[in-house]
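Here is a short briefing on one protein model. Look over the sequence and the 3D view, then work through the points by topic.

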Amino acid sequence: MTFETLGLHSSIVKALTEAGYTKPTPVQEQAVPAALQGRDLMVSSQTGSGKTAAFMLPALNKFALAEQAFQPGLKTPNQERQSARSRGERPRFQPAQPKMLVLTPTRELALQVTTATTKYGTYLRRVRTVSILGGMPYPKQMQLLAKNPEILVATPGRLIDHMESGKIDFSQLEILVLDEADRMLDMGFIEDIEKIVAATPESRQTMLFSATLDGVVGSMAKRITRDPLVIQIASAASRHENIQQRVHFVDDLSHKNRLLDHLLRDTSLDQAVVFTATKRDADTIADRLNIAGFAAAALHGDMHQGARNRTLDALRRGHVRVLVATDVAARGIDVPGITHVVNYDLPKFPEDYVHRIGRTGRAGRNGLAISLVNHSENINIKRIERFTKQLIPVDVIEGYEPKKTASAPRSPRKPGGWKPGDNRGGKPGQRSFSKPGAPRKDGYNKGSHFGDNGGGRRSYGDR
Ligand code: AMP
């Protein structure tokens, strides 16, 4: 199957070819033809599966056809607005009337969707995409809205502010997308979403994407879609097959920090995301790693949007090698260079584990996800295993063995002895990490283990 056979406009196919996309991903193969026919969609697909293009390509196709049908003598509504201004007519305030709205849980995901849209729509001259995000200055957003963009990508809270002050009118909306809908509900956006949906025409096309279509998100999806095509790309059990998962038991914080330091010196590591439970820990650990000679940076919700964008940009450019992040801030990060995810603290919910490990193994690459776990947290690992329906193998590195064994035996493997098939839930692959003392390819060999935090014990949920 090719993008042409999916029925996409030549200007979009051209942009995709230039982006290096040779064929559609499974979610694109199923979603694009149905969406091109105007059908509503309810899609459960894994993170990194190509879901952004799955909803954006059919939407852009609609804009491409409208451009093609456009007759040169006619004026678009935006040109009408401009010529009224050039005739010296006092511009009447007119709210933005977008044709498409994409709602995302986080600013990072919204920016990513905006960037992808610009890439896929590079040959569409009349399509403007604007992101409306919390943390962005209001005057700047007013300027963007005054351009009457065709596509809005927004986080729910800030969008509601603009709706309530009459800056946006959804009466012309044709396409509504809810991206990572399960996460938006987890973050408490349900009322905002209901309010936004109620402000859009019933005739709209609705596409909802979510890691799961069970429970509350499933019932909301059914409420807001009409005769949707339901697409289930991967169940929880089959997700992340390209990501090897490991658990390392640690005795205390000092052991955890030494192990983290060792893991980050792995020669197969290009870039890593280290997850912490608290914003404070993200800052503290990033500082310590910097002192130890790593190019590390923190990313969390207390940082201003500008600082968050700069950090993500540095990560994308490879200037940051280790990102120390909290769950919400790291949601949706799509950087192909991330080879490792380390759970310094376990997430509060098993769903977050799935989102965290999905930061690696992007765009079809392999990844490694390592959880550093206290013996008392074994129960939480089991909870994650039940959720993902995958057993996570225990690994032990020579010189970093825990003194205690886990409360329930989890059959630790021999140090350095990973064999294909050991992974049980994951895909067999080379074990290219944990080589003590191996020289780094990137010169990060200097510095010893960073600080010992006094050996205090943390338990699950200690945040
Ligand atoms: P997403 O699931 O939308 O976050 O996409 C994950 C990654 O896959 C992004 O880096 C996309 O640029 C990339 N991607 C999406 N569709 C394709 C495709 N058909 N071929 C190659 N890469 C793709």
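Predicted model: local features only at pLDDT ≥ 70, side-chain atom pairs only at ≥ 80, totals over all residues.

- Strands β12 (residues 338-343) and β13 (residues 367-374) run parallel and are joined by four bridges.
- Strands of a sheet pair through backbone hydrogen bonds, and the pairing can be parallel or antiparallel.
- Six strands make up an open sheet with parallel pairing. Their order is β8-β13-β12-β9-β11-β10.
- Which strands stand at the edges? They are β8 (243-250) and β10 (296-299). Each has a single partner strand, so one side of each has no neighbour in the sheet.
- On average, neighbouring strands of this sheet are turned by 20 degrees against each other, with direction ignored.

**Helices across the strands**
- Helix α13 (residues 305-316) lies across β9 (271-275), β10, β11 (322-325) and β12. Its direction is at about 140 degrees to β10.
- Helix α15 (residues 350-357) lies across β8, β9, β12 and β13. This helix runs at about 155 degrees to β12.

**The ligand**
- How many residues surround the ligand? There are 13, and the closest are Tyr-21, Gln-28, Gly-50, Thr-52 and Asp-334.
- A polar backbone atom of Gly-50 is 2.7 Å from an oxygen atom of the ligand.
- Lys-51 has a polar backbone atom 3.2 Å from a ligand oxygen atom.
- For Lys-23, a polar backbone atom is 2.9 Å from a nitrogen atom of the ligand.
- Taken alone, the ligand exposes 500 Å², and the protein buries 83% of that.

**Two residues with positive phi**
- Asp-227 is in the loop between α10 (215-224) and β7 (229-232). Its phi is near 40 degrees, a positive value in a residue other than glycine.
- Is Asp-227 buried or exposed? Asp-227 counts as exposed because its relative accessibility is 63%, and the cut-off for exposed is over 50%.
- Lys-389 sits in the segment after α16 (378-388). Its phi is near 55 degrees, again a positive value in a residue other than glycine.
- Lys-389 has a relative accessibility of 62%, so Lys-389 counts as exposed.

Key: Residues numbered from 1 in each chain as written. Heavy atoms only, no water. Buried < 20%, exposed > 50% of the residue type's maximum accessible area, 1.4 Å probe, protein only. Pairing = 2+ DSSP bridges. Axes fitted to C-alpha atoms, helices over the stretch in contact; angles between N-to-C directions. Contact = heavy atoms within 4.5 Å. Near = heavy atom within 4 Å. Polar contact = N/O pair within 3.5 Å; in protein donor to acceptor, adjacent residues only side chain to side chain. Areas by Shrake-Rupley, 256 points an atom, 1.4 Å probe, with all protein chains shown as cover.
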